[in-house]
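Subject: Handing over the structure

Hello,

I am passing the structure on to you with this message, and below it you will find what I have noted so far. Please keep the structure open while you read, so that each point can be followed in place.

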There are 2 protein chains.
Amino acid sequence: MAGEGLSYAAAGVDIEAYERVLERVKPLIAATHGEEVVRGVGPFAGLYALPGGGHLAASADGVGTKIKVAIAASSHQGIGVDIVNHCVNDIATAGARPVFFLDYFATGKLDPQVFTQVIEGITIACREAGCALLGGETAEMPGVYALGDYDLAGFIVGMVPPGLMRDPKEIRAGDLLIGLPSSGLHTNGFSLVRKVFEGVPLSRVYSELGRPLGEELLEPHRSYLQELGSIAWKGAAHITGGGIYGNLPRCLPEGLGARLGRRSWVEPSIFELVRRRGRIADDEMFGTFNMGLGMILVVDRDEVPRSAQVVGEVVAHKTSERVVIS
Amino acid sequence: MAGEGLSYAAAGVDIEAYERVLERVKPLIAATHGEEVVRGVGPFAGLYALPGGGHLAASADGVGTKIKVAIAASSHQGIGVDIVNHCVNDIATAGARPVFFLDYFATGKLDPQVFTQVIEGITIACREAGCALLGGETAEMPGVYALGDYDLAGFIVGMVPPGLMRDPKEIRAGDLLIGLPSSGLHTNGFSLVRKVFEGVPLSRVYSELGRPLGEELLEPHRSYLQELGSIAWKGAAHITGGGIYGNLPRCLPEGLGARLGRRSWVEPSIFELVRRRGRIADDEMFGTFNMGLGMILVVDRDEVPRSAQVVGEVVAHKTSERVVIS
């Protein structure tokens, strides 16, 4: 990487190494699956058939090292919103409406103010999503977490009513891609972002951002629940860790890829700032960040709402790259 | 505490401080609850009414600083078993059979061997519980977790068939308490235990344990799923953080307490060793550890199986202490 700018792997996060390990444990995981487990649908959530009809959708998520920015800024409510909305969006891609959420909060020494702010954020986002905060675990683990540090994970369960589950096989070349705008970085790529802004005070106001860096970085993850309920979509990709390159193919069936027009949406300024300061290659940017599109929907040409932001289309997958952005 | 031996609070874990904070956020949490959320039943799990009848039970758990012992011993499969069985037991107290589980694994830098061992343990315990490993989140968080450190949380969902939910109001003074033996410390009190054995090599064989200390400490958490399915119980307390004093009252209705006969069960040797080495007061021991009883069931006198280990009875709660062990 010498002299070549920053990358996510050089920032200490190696997604490919993880995927290699995952391949090794997949048979173990599959051996726990009975016929109630639905595979290949809603790749951002696990699906389980209910005996009385319909399905449960579930997802587990974390907020990554965005937590380090929240700690530095002493601002934790947004982190609570982040974890819920991240989970809500994951199961929404399977057509699920959230029913309940549980959290895992672990820290070295419980700070009542931090914990209260996080729970406030969680409950605000739960109420917005019509989702019960049904339980959680709070762990004091001196020796694992440094003083002031904490970690937060979330777990969500939703229901997909009978007949509302999408079948990815209905996606065809020629379907259009609709981009739903993100509110910023959401919760991904923060190990890289923190390297990019190393030594920069969070109070610094970059003119292109028009507000303090800390506020920009901590802007909470958007929920797409309402939009997904109002558009007739065939597939949905939640653009999280791995960026557009890593997540868009997950909602497409074998043999299909996507072509996106780079000028078809407005990239928020934070991404250009991160790119410039880190001298980060374009491939790395689109393979790490949402780049302004927090959710991408696959929609039949005849079903595209007039106000929708069309960012590309589904194409037959002939090239070596499944997603081409040009 | 000076000269007075060790306590859990002095070891860095303050359960009372946590309970004070929890009181403050309870109204926020309650505001997220619709009428589907069932309260006051199965206190170790959250309960959610399904539209078609029956209930979902859910729980989130961690394994605490037992993870530090696993890291020191380079032995992680048992930790995977621990997290699943902890969750399985929690929802079993609500009469639920597990249906799926998700994990959250966070580390500074993914170690493929550690991760694989943890997943092996998780899948072994999931298969035993008839539970699908439906998903999970794996997070690399350099800067939050030290090299070699990790944390693990688990989320479980189970189903309580219609008519099988217990009503705590059916518990009466005179009901008997049946103790189900633990396999050792399970996953609780490890911040204290690690202080007690500070500087002692995990390979050390204490004669009363008859095996290396590391093996004893890492013995996995037992699952009580089968036993709970074969006994007609009215209430069940999973003895985890907070020990017998903290957990047994949770399954009893207002106005009732419990009296346990201290010589009615055999305390495994590890507890006496911890007590002696740490010069820990009895109240602290029974308020931190399971003391050999991983699960305590409330059973009608007429329903006690012949082979059951009766350890006490339900009594009217007149004294200041709800649980008396003498």
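The model is a predicted one. In chain A, six strands form an open sheet of mixed pairing, and across the sheet their order is β1-β2-β3-β6-β4-β5. The edges are taken by β1 (37–38) and β5 (132–140) of chain A, and because each of them has a single partner strand, one side of each is left without a neighbour in the sheet. Helix α4 (residues 112–129) of chain A packs on this sheet, where it touches β4 (97–107), β5 and β6 of chain A, and its direction makes about 170 degrees with that of β4(A).

Within the sheet, strand β3 (residues 55–62) of chain A pairs with strand β6 (residues 150–160) of chain A in the antiparallel sense, over eight bridges. If you look for A58(A), you will find that its bridge partner in β6(A) is V157(A).

In soluble globular proteins, nonpolar side chains tend to be buried together. Setting aside its neighbours within four places in sequence, F101(B) is in contact with a number of residues, among them V84(B), C87(B), L133(B), F155(B) and I156(B).

Chain A is divided into domain 1, covering 42–160, and domain 2, covering 168–325, and the C-alpha centres of these two domains of chain A lie 22 Å apart. Between them, 25 residues of domain 1 of chain A are in contact with 23 residues of domain 2 of chain A. On the side of domain 1 of chain A that touches domain 2 of chain A, the helices α2 (66–73), α3 (77–92) and α4 of chain A each supply at least two residues, and α3(A) gives the most, with nine residues. The residues of that side divide into twelve nonpolar, eight polar and five charged.

Which element of chain B gives the most to the side of chain B that touches chain A? To place this question, 62 residues of chain B are in contact with 62 residues of chain A, and the elements of chain B that each supply at least two residues of that side include α1 (15–30), β2 (46–49) and β6 (150–160). The element that gives the most is β5(B), with nine residues. The residues of the side of chain B that touches chain A divide into 34 nonpolar, 17 polar and eleven charged.

Best wishes

Terms used: Residues numbered from 1 in each chain as written. Chains lettered and ligands numbered in written order. Predicted model: local features only at pLDDT ≥ 70, side-chain atom pairs only at ≥ 80, totals over all residues. Pairing = 2+ DSSP bridges. Helix = DSSP H or I, 4+ residues; strand = E, 2+ residues; numbered from the N terminus. Contact = placed C-beta atoms within 7 Å. Axes fitted to C-alpha atoms, helices over the stretch in contact; angles between N-to-C directions. Domains from an automatic or database assignment. Nonpolar A, V, L, I, M, F, W, Y, C, P; charged D, E, K, R; others polar.
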